[in-house]
Amino acid sequence: MKRSFLSFVLVVLFLGPVWAHGYKIGALDIAHPWTRATPKGAAIAGGYLSITNKGTTPDRLVGGSLSIADRLEIHEMKMQGTVMQMRPLPAGLEIKPGATVELKPGSFHLMFMGLKEPVVVGKRVKGTLVFEKAGTIEVEYAVEPVGQTPGHPNH
Ligand SMILES: [Cu+2]
């Protein structure tokens, strides 16, 4: 009785809350990929996650895909004077050894272009991330409601 209760607790702890999912490829830890629900007819969506390099050599996020989008770009947002500007990073995003790179609203992020269907709360979206050295990994994006994290201007 005690034992089965304990294993139940362990299972719950192990599965954890939905917002704590993560992945591992080579020396890279990928934490909590998420995106935001989109209004009907929206053509783009942002993707967010954090990547930690536990290895001794740098790696680079160079691309990826989303099952419901035509393509994925890696973007950066920066203040240009008083205006927040976004630009693609064609060479991708370097993750130095020992460093964690956060892709988050208002900063680095993934841009899913050419959405074929809306992103819906409660329905995870599959995709891939491609790293120069570690290779390709399949991930799932948790979907947060619209307006969950303010600060990412529409673009
Ligand atoms: Cu963008």
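How many of the 10 residues of strand E3 (residues 44-53) are buried? Seven are, so the strand counts as mostly covered, given that a buried residue has 20 or more other C-beta atoms within 10 Å of its own, with C-beta atoms placed from the backbone. This is a predicted model, in which local features need pLDDT of at least 70 and side-chain atom pairs count only at pLDDT 80 or more, while totals for chains, interfaces and linings use all residues. Numbering starts from 1 along each chain as its sequence is written.

Stepping back to the whole protein, 24% of its 155 residues count as buried. The protein has one helix and 11 strands, taken as DSSP runs (H or I, at least four residues, for helices; E, at least two, for strands) and numbered from the N terminus. Among contacts with a separation of 6 or more, 68% link residues 24 or more positions apart; a contact here means C-beta atoms, placed from the backbone, within 7 Å.

Back to E3 and its partners, where pairing requires that DSSP finds at least two bridges between two strands. Strand E2 (residues 28-36) pairs with E3 in the antiparallel sense over six bridges, and Ile30 sits opposite Ile51 in E3. Ile51 also stands opposite Val101 in E8; strand E8 (residues 100-103) is antiparallel to E3, with four bridges between them. Strand E9 (residues 109-115) runs antiparallel to E3 too, joined by four bridges, and here Ala45 faces Phe112 as its opposite residue.

Key
Buried ≥ 20, exposed ≤ 12 C-beta atoms within 10 Å, placed from the backbone. Contact = placed C-beta atoms within 7 Å.
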